[in-house]
Amino acid sequence: MTQPKYTAETALRGIFLALSLALALSPVNTALAAQPIRELGVDGGIALAPCSKHALGQVVVRFKDGVSTSSLLAKESGLQLRHLQEMLQLGATVLQVPVGEEQLWVATFNAHPDVVYAELNYRVHALEVPDDEKWPQQWALPQVSAPQAWDITHCNGTLVAVLDSGAYLEHPDLDQVWWDNPGEQPGNGVDDDGNGKVDDVHGWHFFQGCVGDDCEPRDDGMLDDDNGHGTHVAGIIAAETGNAAGVAGASWGARVMVVKVLDASGDGYYSDVAAGIRYAADNGAQVINLSFGGDEPSQLLQDAVDYAYQQGALLVAAAGNDGGAVDYPGACEHVVAVAATDSHDSRLSLSSHGPEVDIAAPGEGILSTWVEPQLYWFRRGTSMAAPHVSAAAALLWSWEPELGVSQVELRLQAGADDVNAPSYPGWDRYLGWGRLNMYQVLTGLPLEPTPSPTPPVYTLRLLLPCVCAAP
Ligand SMILES: [Ca+2]
Ligand SMILES: [Ca+2]
Ligand SMILES: [Ca+2]
Ligand SMILES: [Ca+2]
């Protein structure tokens with residue numbers, strides 16, 4: 001009498017029986033089927049969830065010697081288990097399994113006596129450092145963990161309004177990033193989208209036209225940057241990145257709506273700022289960057305801010321550069337006020353402080369785009385800090401578009417590094433919740449802000465080691 005020959009076929013039959021039972025009994029399976037899922041990206045034929053740490057629909061299995069899987073899987077598996085890749089030298093095989101059931105198959109295989117091991121097909125990744133020529137001079141972006149954030153995702157065109165001195169629209173490192181008003185035909189002298197502005201293709205210009213003491217509100221489509229400040233701020237957020245030229249923009253992919261509210265001297269009026277905020281919100285800006293400030297509170301400014309916030313826009317403003325109280329609109333309710341730090345994570349002495357400060361970001365020696373003839377220039381101040389935060393918000397919204405504006409605010413705060421914790425643990429009036437960390441903004445869990453100022457608070461921050469499809 002001969003012993004029945006033990007083959008891979010019998011091994012797999014046992015596995016499939018066990019797995020079928022496990023699937024039938026598993027509440028996980030039902031739950032998975034009911035869950036909404038994101039659109040799947042496709043990378044080399046392998047399905048990858050946007051935040052999946054492993055290849056979907058795959059497990060790696062090594063069977064014991066003499067147990068070959070090659071011809072049996074398709075025949076035996078009612079679940080269309082299929083063999084994708086055999087690594088003969090290592091004795092392992094990559095098997096295709098139903099998406100969402102990878103863990104179950106790994107557990108089932110590992111429980112079988114003829115399996116040496118089974119595991120998920122995990123992803124590896126490289127830190128994404130852009131090839132932009134001036135990248136080595138952009139110390140601020142590694143400081144806020146931008147490369148780690150970009151390794152998760154690039155910004156997919158989130159619209160950021162830059163209220164500033166205009167922008168150099170033809171700048172070679174910016175000319176692809178401008179908002180194109182989808183409802184407006186350029187240059188036909190007609191307000192095609194009926195928003196009250198004729199030919200507002202990339203944005204609008206709100207200003208008090210003054211001759212001597214005689215000032216009156218006017219507006220037009222002149223967006224040219226006669227100062228340079230607006231071009232610098234736009235570049236920090238959205239300079240074309242990975243194009244082997246110029247600088248990298250912190251969002252790597254946001255679009256910019258140009259709203260000119262400052263003149264050649266960098267001055268403007270609250271009325272123009274308020275009108276510009278309203279225009280930005282009405283025309284779809286998700287983030288509104290306000291790198292300027294004034295000393296006086298204003299109901300007009302607060303009303304404009306409240307309007308945009310209710311539309312779901314995040315407003316980000318410079319805290320101020322006089323080292324005193326926080327400027328307006330940074331001090332308004334519903335505005336993220338940004339202090340400035342240096343390469344050692346120390347607050348710049350010029351950076352204004354007070355109860356309204358929410359977060360800090362690099363603001364010294366910041367290289368970005370500029371008007372001709374320089375084209376690139378270093379600047380310092382809280383004006384340069386705010387756009388780093390705007391860029392982080394744009395990137396987060398691109399990654400998790402379902403978030404509401406208050407959730408984005410919380411994620412910015414929760415992700416910040418409390419770099420002055422030895423002196424001022426938790427929130428403080430100098431750096432707010434701490435220095436921006438773009439990676440943690442994308443991966444961290446929201447923390448409830450505590451009343452300010454706080455006794456020492458030690459938070460446990462969960463860092464999800466999430467590795468995702470390169471966009
Ligand atoms: Ca129009
Ligand atoms: Ca038109
Ligand atoms: Ca560039
Ligand atoms: Ca602190």
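Two residues are in contact if their C-beta atoms, placed from the backbone, lie within 7 Å. The exercises below concern a predicted model, in which local features need pLDDT of at least 70 and side-chain atom pairs count only at pLDDT 80 or more, while totals for chains, interfaces and linings use all residues. Residues are numbered from 1 along each chain as its sequence is written, and chains are lettered from A and ligands numbered from 1 in the order in which they are written.

**Exercise 1. The chain as a whole**

State how many helices and strands the chain has, and what share of the residues is buried.

Solution. Step 1: there are 12 helices and 16 strands. Step 2: of the 471 residues in the chain, 46% are buried. Step 3: among contacts with a separation of 6 or more, 68% are between residues 24 or more positions apart.

**Exercise 2. Helix α11**

Explain why helix α11 (residues 405-415) is described as largely enclosed by the rest of the structure.

Solution. Step 1: eight of the 11 residues of α11 are buried, so the helix is largely enclosed. Step 2: the buried residues are V405, V408, E409, R411, L412, Q413, A414 and G415. Step 3: these residues pack against the helices α9 (299-310), α10 and α12 (438-443) and the strands β12 (314-318), β13 (335-341) and β14 (357-362).

**Exercise 3. Backbone details**

Identify which residues are joined by a cis peptide bond with omega about 5°, and say whether S145 counts as buried or exposed.

Solution. Step 1: E372 and P373 are joined by that cis bond, and P373 sits in the loop between β15 (366-369) and β16 (376-379). The bond from Y328 to P329 is also cis, with omega near 15°; P329 is in the loop between β12 and β13.

Step 1: S145, in the loop between α5 (140-143) and α6 (146-152), has a positive phi near 60°. S145 counts as buried because 21 C-beta neighbours lie inside 10 Å.

Step 2: A244 has a positive phi near 65°, but A244 counts as exposed because there are 10 C-beta neighbours inside 10 Å.

**Exercise 4. G320**

Determine where G320 is found and which residues G320 touches, not counting residues up to four places away in sequence.

Solution. Step 1: G320 lies in the loop between β12 and β13. Step 2: with 31 C-beta neighbours inside 10 Å, G320 counts as buried. Step 3: G320 touches G293, V326, D327, G330, S352 and T382. Step 4: the C-alpha atoms of G320 and L350 are 7.8 Å apart, although 30 residues separate the two in sequence.

Definitions and conventions. Helix = DSSP H or I, 4+ residues; strand = E, 2+ residues; numbered from the N terminus. Buried ≥ 20, exposed ≤ 12 C-beta atoms within 10 Å, placed from the backbone.
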